[in-house]
Amino acid sequence: MLTVINGADPDFERHLARLLERGGREQERAVNAAVADIIAAVRERGDAALLELTARFDQRDITDPAQLQVPRGAVDAAVDSLDAEVADALRAAAGRITRYHEREARQSAASWQFEEADGTRLGQHITALERVGVYVPGGQAAYPSSVLMTVIPAKVAGVFEVIMTVPAPRGEVGGAVLAAAALAGVDRVFTIGGAQAIAALAYSTETVPAVDKIVGPGNRYVAEAKRQVFGQVGIDMLAGPSEVVVICDRHADSDWVAMDLFAQAEHDQHAQSIAITDSEAMVARIGRSVSKLLPQMARRDIIERALADHGAIIKVADLRTAVALANRIAPEHLELMVAQPQRLVGEVRHAGAVFAGAHSAEALGDYCAGPNHVLPTAGAARFSSPLGVCDFQKRSSVIQASRQGAAEMARIASVLARCEGLDAHARAAEYRLPGQPGSK
């Protein structure tokens, strides 16, 4: 079921490389080509292409593009139509996520300026994006949590308009997804999925407006579409299959470890679940827990395939080696299911989110802990961060040169411009020197 890899094995590096290998080139080329065709169709034919692609992929036979947008009344009414327990849970999660991102905004998202001795003022002006597109997965399952996680930080940042797209196979959208959209403050909802939704948000159609940035997870076609439209619009990240690394010592409950591995594996057959331990006994205990608990899982087939193809238990010499290995993997989620997790937190350099201690189940972060669950995958945690308020804002530099400051900087700029062979740059700077033609 779960491959066991020993860090002391002479072939360890080869086993690790195989474990972390993703996809095949032929499959990638096929996806790239299919997505390029879809984007071209939407750019060239707008709504007509959207209707054809929606009929093809979502089995919806509609003739009026207006039917792609969910009426505002239906979105607003969705909360009241939910089971009360689900509605209360969504409200509680939305509250926690909002409080977290509001604190984030106060900490790091303010404009600033300072004045130099010569009177020159320099700074940064922070402004919110005008319109953002949020893609919400909906082909195989409904994800209201993704609505909350992508829309709330955008609204906290001050984005003027949030457009949401969600697949609606056979015309059906989960009530919880619409309820989450209402609670989070989505402005408009369109029932479009796949690469065609990304193309519409990037280039616009007669019905769907173009946005400034597209965020949200999706399948490989959605990820590839985001890659292809980047530059026309901004994107948050290129998300791959979900992944977790659980570092556990001999004190960990192996049933808890197994269930947390299952929680990632049940996303889809490409998800990756890895346990790293310094205890030989824990290797065996995790294996027994997996065998015991797997038959109880509703998504057993998916979990079993994901664990067999992409899962592993890795035995290492000690916990510091475990953290060093986790840093090499740079996982989306990193759990520290050890007796003294805070001793290891400071050694973590590369992880999308760190869950410290046995009670900090990754599933809590998926839904309601507060920090965002849109995280870098496939090693991107080496250079990327969780989705947050700053992703929905941009910085403009502010330069207000004083007469004295301009004179000093002009001399420097003139020298450097002539070094680069840019005569007009040099002369534009020199105009600001006292006594030069045109100087004031």
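**Entry 1**

I began with Gln 113, which stands opposite Gly 123 in β3. This is a predicted model, so I kept to its limits: local features need pLDDT of at least 70, side-chain atom pairs count only at pLDDT 80 or more, and totals for chains, interfaces and linings use all residues. Residues are numbered from 1 along each chain as its sequence is written, and side-chain values use heavy atoms, with hydrogens and water left out.

I looked up the pairing next: β2 (residues 112-115) and β3 (residues 121-128) run antiparallel over four bridges. Strands pair here if DSSP finds at least two bridges between them; strands are DSSP runs of E with at least two residues, helices are runs of H or I with at least four, and both are numbered from the N terminus. The hairpin has five residues between its strands, and in it Gly 119 takes a positive phi near 95 degrees.

On I went to β14 (residues 393-400), which is joined to β3 by eight bridges in the antiparallel sense. There I found Ile 126 opposite Arg 395.

**Entry 2: Ser 111**

Where does Ser 111 sit? I found it in the loop between α5 and β2. Not counting residues up to four places away in sequence, Ser 111 touches Gln 124, His 125 and Ile 126, where contact means heavy atoms within 4.5 Å. A polar atom of the Ser 111 side chain lies 2.8 Å from the backbone nitrogen of Ile 126. I also checked Pro 434: it is 323 residues from Ser 111 along the chain, and their C-alpha atoms are separated by 32 Å.

**Entry 3: the parallel sheet**

I traced five strands in an open sheet, ordered β6-β5-β4-β7-β8, with parallel pairing. The edge strands, each pairing on one side only, are β6 (188-190) and β8 (234-235). Three bridges pair β5 (residues 161-165) with β6 in the parallel sense, and Met 164 stands opposite Val 189 in β6.

**Entry 4: Pro 209**

Pro 209 turned up in the loop between α8 (194-203) and β7 (213-215). Its relative accessibility is 12%, so it counts as buried. Leaving aside neighbours within four places in sequence, its contacts include Arg 131, Ile 163, Arg 188 and Phe 190. Pro 209 and Arg 131 are 78 residues apart in sequence and 9.1 Å apart in space, C-alpha to C-alpha.

**Entry 5: Lys 226**

Leaving aside neighbours within four places in sequence, Lys 226 is in contact with residues including Ile 198, Ile 214, Val 215 and Leu 238.

Methods. Buried means under 20% relative accessible area, exposed over 50%, partly exposed in between (1.4 Å probe, protein chains only). A polar contact is a pair of N or O atoms within 3.5 Å; within protein, one must be able to donate a hydrogen and the other to accept it, and residues adjacent in sequence count only if both atoms are side-chain atoms.
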